[in-house]
Every structure is written in structure tokens, then in C-alpha cells.
Amino acid sequence: EKFIFDENDKTGGYYFIDDENYKIRTIVINTCHSNTGTSISWYQLQWLANRAFDLSEKTDSDKWSVIVFGHKQILPCLNAEELSLIQIADMLKAVNEKTVYKSTAPAIDVDFSRQNFTLIGYVHGHTHLDAMFIDEDYGFLNISTICSQVQQKTSNNDLSTSFERKLGTTSEFAFDIINIDTEHRFIQCIRVGAGNNRSIYY
């Protein structure tokens, strides 16, 4: 297994890795690309569209699935913070619907109808709340996980959930073990620490 970085930005903190046994490509994006003055650099957006989401070299690409991880939320309904993050959501929508994605800044024009893999969804943190849903406007699965620290945060929408945290108990921390059944398009998030197990079909 090999981590694939952007040749134009090898220290950019974004990459993907292919699991040939389970036929899953895991893409990690850097949503805190602070040295560029924006959450997502132009280099990263172009790499994501033209390289990370291109599985045309796979002879069995129709059997492959792709999941994307990032720190910040990208959906407007979860108060995505800036345009470059929403551009990622727009791109994932095009990937999921197998349509054309176009952008002028940066210049991107990619026809995802030629890609026949399955998009699993996007997994993130930053909101410090739990959420698992398929967005009505964007059509792909979104999963967020509460932070791994003792912090009480109240949700301000009906999409997200918070939990009581207490020092000296397992609720001090929280993380998910993710199990993906690509045959049935089913994902489980098994919680360790504060919160509950979650599952959904994608």
C-alpha cells in the first residue's frame, strides 16, 4: 500500500491510499491549508478533481468505492465556513451524480460520468457534534464525529447531536471505528467513548 501525494504540493497534507483487497480508495483532504490563506488550495482542488477521483487506471473500477476524510465541514447546512469548502461539496455532488464539475477559480472542467466507482461519503470533525445523514441538496452521505475532549457543546440544528462529558470516565474521549460493507452500501461507526454506535445505508 502506498500513499499518493500531489506531485505539485508534496507537503500539502492531502493524499490518498488504495486498499486493493477491499477495493476502497481513502482520500484525506487538508481543510486547514492555512499557508494559502484559504481552507483549500487551488492545487488541492485540481488534484482532487483530476487525480484523486480518477480511477480510470483500475480495470475493475466499477467494483471500487471512495471515501473522503477532512477536518472541516463542507456542507452549507452545517455552516461550511468559506467558498473553497463548498467547492468540495459541489465536487462530491458531481462525483456522486456522475456529472460534469466546472470551476473558474481554479480552472477545473472534469466529466465524472466516465468514472464508475461508488462514492461512500465525507467524514469530518470540527463541529464537535455527531451527525450522520444524506444531504437533500447534495445527495451524498455526511458523517461528523464529536471531539475527543471533555467539552459540552449544544447542537443548534436537528442534524447534529451532543453528549454529556465527564472527567474520569470513558466519556472524556470519543472516536469511531468505521466498518464499511461495500456490497450492501452500508456503513457502521462503532463509538469508543462518549456517544452511540451509528449506521446508515449510503
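**Labels and their grounds**

Student: What makes β8 and β9 a hairpin, and how many residues lie between them?

Tutor: This is a predicted model. Strands pair when DSSP finds at least two bridges between them. β8 (residues 131-134) and β9 have 4 bridges and run antiparallel, so they count as paired. The hairpin has 6 residues between the two strands. In its turn, Gly139 has a positive phi of about 80°. Ile134 stands opposite Leu141 in β9.

Student: How do you know that β7 pairs with β9, and which way do they run?

Tutor: The same cut-off of at least two bridges applies. β7 (residues 118-124) is joined to β9 by 3 bridges, and the two run parallel. Therefore they pair. Tyr122 has Asn142 as its bridge partner in β9.

Student: Why are both faces of β9 called covered?

Tutor: In a regular strand, side chains alternate between the two faces of the sheet. In β9 (residues 141-144), Leu141 and Ile143 lie on one side, Asn142 and Ser144 on the other. All four are buried, which means under 20% relative accessible area. So both faces are covered.

Student: What span is expected for helix α2, and what does it reach?

Tutor: α2 (residues 83-97) has 15 residues. The expected span is 1.5 Å times one less than that number, so 21 Å is expected. The helix reaches 21 Å from its first C-alpha to its last, close to expectation. Just after α2, Lys98 takes a positive phi of about 55°.

Student: What covers the buried residues of α2?

Tutor: The cover includes α1 (42-52), β5 (100-104), β6 (107-111) and β7. Among the buried residues are Leu85, Ile88, Leu92 and Val95.

Technical notes
Residues are numbered from 1 along each chain as its sequence is written. This is a predicted model: local features need pLDDT of at least 70, side-chain atom pairs count only at pLDDT 80 or more; totals for chains, interfaces and linings use all residues. Side-chain values use heavy atoms; hydrogens and water are left out. Buried means under 20% relative accessible area, exposed over 50%, partly exposed in between (1.4 Å probe, protein chains only). Contact means heavy atoms within 4.5 Å.
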